[in-house]
Each structure stands twice: as structure tokens, then as C-alpha cells.
Amino acid sequence: IGAAAGALIGYETPKKPEPLPSDMPAMFVPLQELENLAPDTWYVNVLAVLPQFRGTGLGSRLLALADETGERLEKSGMSVIVADN
């Protein structure tokens, strides 16, 4: 008890995304371009669950919390970028 089993980090995306800065590192450009396709959403930036807690529904509960947060903030939806690594 008292130790973290998982985490979720999210934030609001702007209603009108700013143009990409010219000095943005190249590795971040595709991610920012994808994020800009989902304006005015609650963006899930990080969702992580420790291996020993996977399959317990914790990730689903964290995503439900993210969805509730977006609704409370009157966002148009929730967005997330998924990677396989």
C-alpha cells in the first residue's frame, strides 16, 4: 500500500494549434503533427501500468478517469497516440 501501480498523464490540446516551431527537434515533429489533428481534446500523453498489475483493469480505470476529466473540462473528445514500444 502506498506504492504506485500505474500512471496517467494528460493535458488539454488547444482549440487552434500553433504552427510547429522551426527549431522543434525532428523526432518530435510527427508526434506534434498528429496531436494537432485532434484540437480541443483531452490528450492522454502517458498511460503506464507496472507488469505485475496488468490485466487487473487498472489501465481501463485510468482511461475512464481521463475520459471523465475531458468531459468535465468540456473537451470535444479524448485523444491518444499509440506506439508499439
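Modeller: Lys 16 is found in the loop between β1 (6–12) and α1. Keep in mind that this is a predicted model.

Colleague: Is Lys 16 buried or exposed?

Modeller: Lys 16 counts as exposed, because its relative accessibility is 71% and the cut-off for exposed is over 50%.

Colleague: How far is Lys 16 from Ala 38 in space?

Modeller: The C-alpha atoms of Lys 16 and Ala 38 are 9.8 Å apart, with a separation of 22 residues in sequence.

Colleague: Now Thr 41. Where does Thr 41 lie?

Modeller: Thr 41 lies in a loop too, between α1 (29–36) and β2 (42–49).

Colleague: And why is Thr 41 called buried?

Modeller: Thr 41 has a relative accessible area of 6%, and buried means under 20%, so Thr 41 falls in that class.

Colleague: What does Thr 41 contact, apart from its neighbours within four places in sequence?

Modeller: Thr 41 is in contact with Tyr 11, Glu 12 and Thr 13, and also with Lys 75, Ser 76, Gly 77, Met 78 and Ser 79.

Colleague: Which of these has a side chain in polar contact with the side chain of Thr 41?

Modeller: Ser 79 does, in a polar contact of 2.8 Å between the two side chains.

Colleague: Different topic. Where is Phe 28?

Modeller: Phe 28 is in the loop between β1 and α1. Phe 28 is partly exposed, at 41% relative accessible area.

Colleague: Which residues form a nonpolar patch on the surface?

Modeller: Phe 28 forms one with Met 27 and Leu 31, and together they have about 320 Å² of accessible area.

Key: Residues numbered from 1 in each chain as written. Predicted model: local features only at pLDDT ≥ 70, side-chain atom pairs only at ≥ 80, totals over all residues. Heavy atoms only, no water. Helix = DSSP H or I, 4+ residues; strand = E, 2+ residues; numbered from the N terminus. Buried < 20%, exposed > 50% of the residue type's maximum accessible area, 1.4 Å probe, protein only. Polar contact = N/O pair within 3.5 Å; in protein donor to acceptor, adjacent residues only side chain to side chain. Contact = heavy atoms within 4.5 Å. Patch = residues over 30% accessible without salt bridge, like charges linked within 9 Å, V, L, I, M, F, W, Y side chains within 5 Å. Areas by Shrake-Rupley, 256 points an atom, 1.4 Å probe, with all protein chains shown as cover. Salt bridge = Lys/Arg side-chain N within 4 Å of Asp/Glu carboxyl O.
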